[in-house]
Amino acid sequence: MELSNRQEKIVEIVKGNGPITGEQIAERLNLTRATLRPDLAILTMSGFLDARPRVGYFYTGKTGFELITEKIKKYKVHEFQQIPIIVKESTSVYDAISTMFLEDVGTLFVVNENTYLTGILSRKDLLRASIGQKDLNAIAVHIIMTRMPNITVCRKDDLLLDVANKLINKQIDGLPVVKDTENGLLVIGRVTKTTITRAFVELTNEKAI
Ligand code: ADP
């Protein structure tokens, strides 16, 4: 986050003189307390300064980079997860390809008749299955999918950063957000490389950073 000239001056004053009251900062800048209020709010919200009642403002000593890192480490899967697109094991490769186009996704999750996760299909899985095949209606996706237990999953309270690491380490485009039940995993969401990109962009939109 770029600080305004005035905000930088405030940080310098607090750095050198903190704890210091808003009134005293205003005096040093020849401004009123009311004029400074928005700047002080931004500086405390973004973590550059901290405020204690009856004590005043003090400098947290955190750099912009540290503040951004802290923010990223707080992002949870459930804040960003998208709707999962699911097909049944008996779905044909042809219908799975259609679903991918219609839903505009690159990864489909496959469930059994009890709606528990059994497999995953990527674009290349479907391409591979299509090469040299005359009748794509004749092959069911459970023949070609990557199947449990070899599926990398995440849970809604996981850190988005951990999921990003899994995507990189496993070289995959996405993974299902699952809920554990006695009988299996229920798919409740989807996190993909696009989700991570969205979170990245969100960082720059946040006034508080
Ligand atoms: P693409 O195959 O289109 O490049 P991916 O890189 O996501 O897309 O998939 C690579 C392979 O890994 C595919 O065979 C796919 O079935 C499998 N795969 C994709 N996502 C997962 C996952 N979350 N867990 C395990 N395997 C996966």
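Let us begin with one contact: in this predicted model, the side chains of Asp-180 and Arg-155 meet in a salt bridge, 2.6 Å from N to O. The term salt bridge denotes a side-chain nitrogen of Lys or Arg within 4 Å of a carboxyl oxygen of Asp or Glu. Asp-180 lies in strand β7 (residues 174–181) and Arg-155 in the loop between β6 (146–147) and α9 (160–170), so the pair ties together parts that are 25 residues apart in sequence. Helices (H or I, at least four residues) and strands (E, at least two) are DSSP runs, numbered from the N terminus.

Asp-180 is partly exposed at 45% relative accessibility, and Arg-155 is partly exposed at 31%. Here buried means under 20% relative accessible area, exposed over 50%, and partly exposed in between, with a 1.4 Å probe and protein chains only.

A word on conventions. Residues are numbered from 1 along each chain as its sequence is written, and side-chain values use heavy atoms, without hydrogens and water. Local features need pLDDT of at least 70, side-chain atom pairs count only at pLDDT 80 or more, and totals for chains, interfaces and linings use all residues.

Which of the two partners is buried, and which is exposed? Asp-125 is buried at 10% relative accessibility, whereas Arg-128 is exposed at 57%.

Finally, Arg-123, Asp-173 and Lys-193 are linked in a network of salt bridges. The count of salt bridges comes to seven.
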